[in-house]
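Keep the sequence and the 3D view side by side as you read.

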Amino acid sequence: MTLTISNLTKQFQAVQALSGVSLSLAPGRRAALLGHNGAGKSTMMKIILGLIPHDAGTVLVCGAAPGSAGARAQVAYLPENAAFHPALTGEEQIRHYLALRGEDPRLAMGLLDRVGLAHAARRRIGTYSKGMRQRVGLAQTLIGRPRLLVLDEPTSGLDPVSRRDFYDVLDGLAAEGAAILLSSHVLTEVEARTDSILILSGGRLVAEGTLPDLRARAALPVTLLVRPASGQASTLAAALPGAQALAGGLLRLTCPQGDKLARLSQIASLGAAVADLDVIPPSLEDIYSHFSRRDGQ
Ligand SMILES: Nc1ncnc2c1ncn2[C@@H]1O[C@H](COP(=O)(O)OP(=O)(O)OP(=O)(O)O)[C@@H](O)[C@H]1O
Ligand SMILES: [Mg+2]
């Protein structure tokens, strides 16, 4: 395992930031850490990096203690609000980081090219857009071929195309065997671009798995939208008691997953009274809020 965490606990004065968190991340796996503001995502990342101590539990980064020389050589970090020197060019900034890590500064252009920033490498970072600055941050994390990338909200503020490019770079790194742990508030992107989802709520890991796993475990109801044929609205409403009438005569029904097929055949039996039918599975947002309810129930 590239990263192993067991029973991790961290308290800040009165705040229990993490309680009994256990997880592991294998080489080449991409995991998304989700959770409301204050759930403990950044705290967990800082502990993995060895930037802050933990109270109890064990954390192993490539078999080494967080913050040890062995761990630091293998892990790269992109903090939540990475700031760079505005007067430096992208190339100068990356050359600087390379020199700090004892690497050849001439590697800078190759790293910037990898994140799609070669064209702007000789411009000052002060003139970069937010997405371009995020790419400088990503280029910096590529230094030294890390085995574990810890990225705190790396795509926040990126447009959809930049986001896709960003995940393309991560896919390449994962294919080379790097493990990636990233936090995000954008549910739709992590659905498609990560291997597993970890949901933190109030410092506890409340769910872990692939999206289909979580979907099945949440067992949230399915929504059916039924459109009556012209002049059939009242017939249909009478045949489907409990349906909610929406604008345009549309009827909305919810039912447990297990009852879906029976419900569909009942609606199909209404024949010509039905003009159309849509089945809407629970959304990622529904699943997320199911597991991360703020009230902790
Ligand atoms: N240095 C600190 N001193 C005291 N409390 C802290 C400190 N750092 C974090 N906390 C508290 O720990 C909890 C978890 O914070 P953390 O920054 O890990 O949340 P997060 O999941 O990253 O949230 P966000 O989505 O807003 O970035 C919060 O209640 C926060 O106020
Ligand atoms: Mg945070």
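In the side chain of Lys41, an N or O atom sits 2.7 Å from an oxygen atom of ligand 1. This is a polar contact, meaning a pair of N or O atoms within 3.5 Å. The table sets this contact beside two others.

| Residue | Part of the residue | Distance to an oxygen atom of ligand 1 |
|---|---|---|
| Lys41 | side-chain N or O atom | 2.7 Å |
| Gly38 | backbone N or O atom | 2.8 Å |
| Thr43 | polar side-chain atom | 2.6 Å |

On its own, ligand 1 exposes 630 Å², and the protein buries 66% of that. Such areas come from the Shrake-Rupley method with a 1.4 Å probe.

This is a predicted model, in which local features need pLDDT of at least 70 and side-chain atom pairs count only at pLDDT 80 or more, while totals for chains, interfaces and linings use all residues. Residues are numbered from 1 along each chain, chains are lettered from A and ligands numbered from 1 in the order written, and side-chain values use heavy atoms, without hydrogens and water.

Ser42 belongs to helix α1 (residues 41-49) and Glu80 to the loop between β5 (75-78) and α3 (90-100), so the pair ties together parts 38 residues apart in sequence. Helices (H or I, at least four residues) and strands (E, at least two) are DSSP runs, numbered from the N terminus.

Methods
A polar contact is a pair of N or O atoms within 3.5 Å; within protein, one must be able to donate a hydrogen and the other to accept it, and residues adjacent in sequence count only if both atoms are side-chain atoms.
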